[in-house]
Amino acid sequence: MLIGEMLTKITKEEMTIKELATMYSVTTQTIQRKIKKLGYEWDKKKSIYKYIGKSPQPLDIDFSTLFRKRPIINNNLSELKGKNKKKGIVRNSSTSDVVDVLLAGTKPPSKRVYQGFYFDKDVLSIINSVPKNYKSELINEALRKVFKEKGLLK
């Protein structure tokens, strides 16, 4: 659903934030945060979202692209359970790199040596958005990518 269409439906009370949260399997706060990051602010008096961001407005962007998971269109969750099984990593270099694939949570974890580090909050929020058993893989691949770009790894 396009952002402009979604905002119109919310304004016309054809759709609620709670319904969107259910559709994308997230909290209502997550939906509100995504809308705010797009540059919109809720006007309580007029009951509309006002655009306060930089031009142009992102009205033609598909809202689902802001989430790692596809929206749940069908409310029958039993049908989805069989589709959620993890598969091996699929590398498509034209559309994504290993970091993108790991963020999507599609590669099984491998043996690692434990090492603790402190992270900045913005970086940690990205790491924590990945399923627990993929976090080490994500960090290793992200660092490997940077180290290769700097010529430290081959």
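**View 1. Welcome to the whole protein, seen through its contacts and its elements.** Among contacts between residues at least 6 apart in sequence, 52% join residues at least 24 apart; a contact here means heavy atoms within 4.5 Å. This is a predicted model, in which local features need pLDDT of at least 70 and side-chain atom pairs count only at pLDDT 80 or more, while totals for chains, interfaces and linings use all residues. Residues are numbered from 1 along each chain as its sequence is written, and side-chain values use heavy atoms, with hydrogens and water left out.

The protein has seven helices and two strands, and reading along the sequence gives the pattern α-α-α-β-β-α-α-α-α. Both kinds of element are DSSP runs numbered from the N terminus: helices are H or I runs of at least four residues, and strands are E runs of at least two. Of the 154 residues, 23% count as buried. Buried means under 20% relative accessible area, exposed means over 50%, and partly exposed lies in between, with a 1.4 Å probe and protein chains only.

View 2. Strand S1 covers residues 40–43 and strand S2 covers residues 48–51; the two run antiparallel and are joined by four bridges. Two strands pair if DSSP finds at least two bridges between them. You can follow the pairing residue by residue: Tyr40 stands opposite Tyr51 in S2, and Asp43 has Ile48 of S2 as its bridge partner. Four residues lie between the strands of this hairpin.

**View 3. Now look at Ser47, in the loop between S1 and S2.** The phi of Ser47 is near 55°, a positive value in a residue other than glycine. Ser47 counts as partly exposed, at 35% relative accessibility.

View 4. Ser25 sits in the loop between helix H2 (17–23) and helix H3 (28–37). Its phi is near 55°, a positive value for a residue that is not glycine. With a relative accessible area of 40%, Ser25 is partly exposed.

**View 5. A cis peptide bond links Ser55 to Pro56.** Omega for this bond is near 0°. To find the place, look in the loop between S2 and helix H4 (77–81), where Pro56 is located.

**View 6. Meet Ile31 and its neighbours.** Ile31 belongs to helix H3 and is buried, at 0% relative accessibility. Leaving out residues up to four places away in sequence, Ile31 touches Ile17, Leu20, Ala21, Tyr24, Val26, Phe63 and Phe67. One of these neighbours, Ala21, is 10 residues from Ile31 in sequence and 6.2 Å from it in space, C-alpha to C-alpha.

**View 7. Tyr24 comes next, in the loop between H2 and H3.** Is Tyr24 buried or exposed? With a relative accessible area of 2%, Tyr24 is buried. Its C-alpha atom is separated by 7.6 Å from that of Phe67, which is 43 residues away along the chain. Both Tyr24 and Phe67 are among the residues that Ile31 touches.

**View 8. Leu138 takes us to helix H7.** Leu138 is buried, with a relative accessible area of 5%. The C-alpha atoms of Leu138 and Asp100 are 8.9 Å apart, although 38 residues separate the two along the chain.

**View 9. The tour ends at the second largest pocket, with a volume of about 480 Å³.** A pocket is found on a 1 Å grid over the protein atoms alone, as an open set of points where a 1.4 Å probe fits, with protein on both sides within 12 Å along at least five of seven lines; lining residues have an atom within 4 Å of a point. Grid points are joined across faces, edges and corners, and the volume is the space filled by probe spheres set on the points.

The lining has 14 residues, and Val113, Gln115, Ser136, Ile139 and Asn140 lie nearest the centre. Helix H6 (121–128) and helix H7 (135–149) are the elements that give two or more residues to this lining. Which element gives the most? H7 does, with five residues. The lining divides into seven nonpolar, five polar and two charged residues. In this scheme Ala, Val, Leu, Ile, Met, Phe, Trp, Tyr, Cys and Pro are nonpolar, Asp, Glu, Lys and Arg are charged, and the others, Gly among them, are polar.
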